[in-house]
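Here is a short briefing to read alongside the picture. Take a moment to turn the model around, then follow the points below one by one.

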Amino acid sequence: MSFSADVKKEIRNAAPKKECCLKTAASCFDVRAIEESIMGKCCIKTFLKTAFLEYGSVNDPENSYHLELVTENEQLSALICAFMNDYGMGAKIMLRNGMYVVYIKGAEAIADFLKLTGAANSLMYFENTRIVKEMRGNINRGINCESANIQKKIDAAFKQLESIKYIEKTVGLDYLPDNLRELAELRLKNHEMGLAELGEKLKKKISKSGVNHRMIKIMEIAENLKIKGEM
Ligand SMILES: [Zn+2]
């Protein structure tokens with residue numbers, strides 16, 4: 001069964017009992033009769049429930065946050081919209097194929113509607129799905145950040161290799177001072193290695209920032225050679 005059908009089943013099971021509400025429910029969507037029958041909040045709730053059973057549908061929160069009521073009666077759609085907005089649901093009306101579509105978007109508003117209409121189990125499913133979705137979103141953002149960092153490291157290593165190979169090709173690595181030459185040779189043998197790890201592999205261990213400092217020097221030397229080469 002769809003989420004929408006679940007919600008309707010729950011709403012149907014909680015039929016109105018009070019005299020006033022029964023009148024609202026029986027007003028057959030005659031706008032004047034509805035307005036005359038409404039005695040209080042209980043009747044407004046009954047009206048929204050009855051209208052949803054007749055015209056409404058709601059998307060499974062797993063897919064998207066959307067609830068709508070579709071009717072060809074403009075006045076009725078305006079009334080539904082107004083009552084929803086009395087509860088701060090931010091309902092809007094749009095025209096679709098000559099029909100008036102009252103809709104609410106946003107998880108908060110839809111949860112409010114489920115609460116108002118007494119669809120307690122559906123509300124629970126809705127909120128659980130929403131939490132899981134948010135968590136999934138957070139994890140994905142985490143993964144994206146991580147892969148961005150990995151990409152940055154790869155890009156940096158590629159630039160370093162380019163510089164080192166340029167020096168090797170033009171003047172040879174012996175052109176470099178010993179500490180830089182050792183690092184350059186190490187980088188040539190270990191393309192993917194991180195800076196911290198490279199620092200560990202040097203004869204005289206140095207920190208990540210120390211390695212970074214030397215790498216910058218190597219790249220500067222390569223840049224200078226390139227400029228000279230172009231002159
Ligand atoms: Zn009532």
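In this predicted model, helix α4 (residues 41–55) and helix α5 (residues 74–86) have axes that come within 11 Å and cross at roughly 125°. An angle over 145 degrees would count as roughly antiparallel, and 65 to 115 as roughly perpendicular; α4 and α5 are therefore oblique to each other. As a reminder, a pair of packed helices is described by the angle and the distance between the two axes.

**How the two helices meet**

- The crossing of α4 past α5 is left-handed.
- On the α4 side, the residues to look for are I44, F47, L48 and A51, and they meet I80, F83 and M84 in α5.
- Sorted by class, this contact of α4 with α5 has seven nonpolar residues, with no polar and no charged ones.

**The sheet as a whole**

- Four strands make up an open sheet in the order β1-β2-β4-β3, and their pairing is antiparallel.
- At the edges you will find β1 (56–58) and β3 (92–96), each of which pairs on one side only.
- On average, neighbouring strands of this sheet are turned by 25° against each other, direction ignored.

**Strand by strand**

- β1 and strand β2 (residues 66–71) run antiparallel and are joined by three bridges.
- Next, β2 pairs with β4 in the antiparallel sense over six bridges. Here L67 has I104 in β4 as its bridge partner.
- Finally, β3 and β4 run antiparallel and are joined by five bridges. In this pair, K92 stands opposite Y103 in β4.
- β3 and β4 also form a hairpin, with two residues between them. Look in the turn for N97, which has a positive phi of about 50°.

**A helix across the sheet**

- Which strands does helix α6 (residues 107–116) lie across? α6 lies across β1, β2 and β4 (99–105).
- Compared with the direction of β4, helix α6 runs at about 105°.

**The wider layout**

- The domain assignment of the protein gives two stretches: domain 1 (3–118) and domain 2 (140–226).
- How many Å separate the centres of domain 1 and domain 2? Taken over C-alpha atoms, the centres are separated by 64 Å.

Note on methods. Residues numbered from 1 in each chain as written. Predicted model: local features only at pLDDT ≥ 70, side-chain atom pairs only at ≥ 80, totals over all residues. Axes fitted to C-alpha atoms, helices over the stretch in contact; angles between N-to-C directions. Parallel < 35°, antiparallel > 145°, perpendicular 65-115°, else oblique. Left-handed = near helix turned anticlockwise from the far one by under 90°. Contact = placed C-beta atoms within 7 Å. Nonpolar A, V, L, I, M, F, W, Y, C, P; charged D, E, K, R; others polar. Domains from an automatic or database assignment. Pairing = 2+ DSSP bridges.
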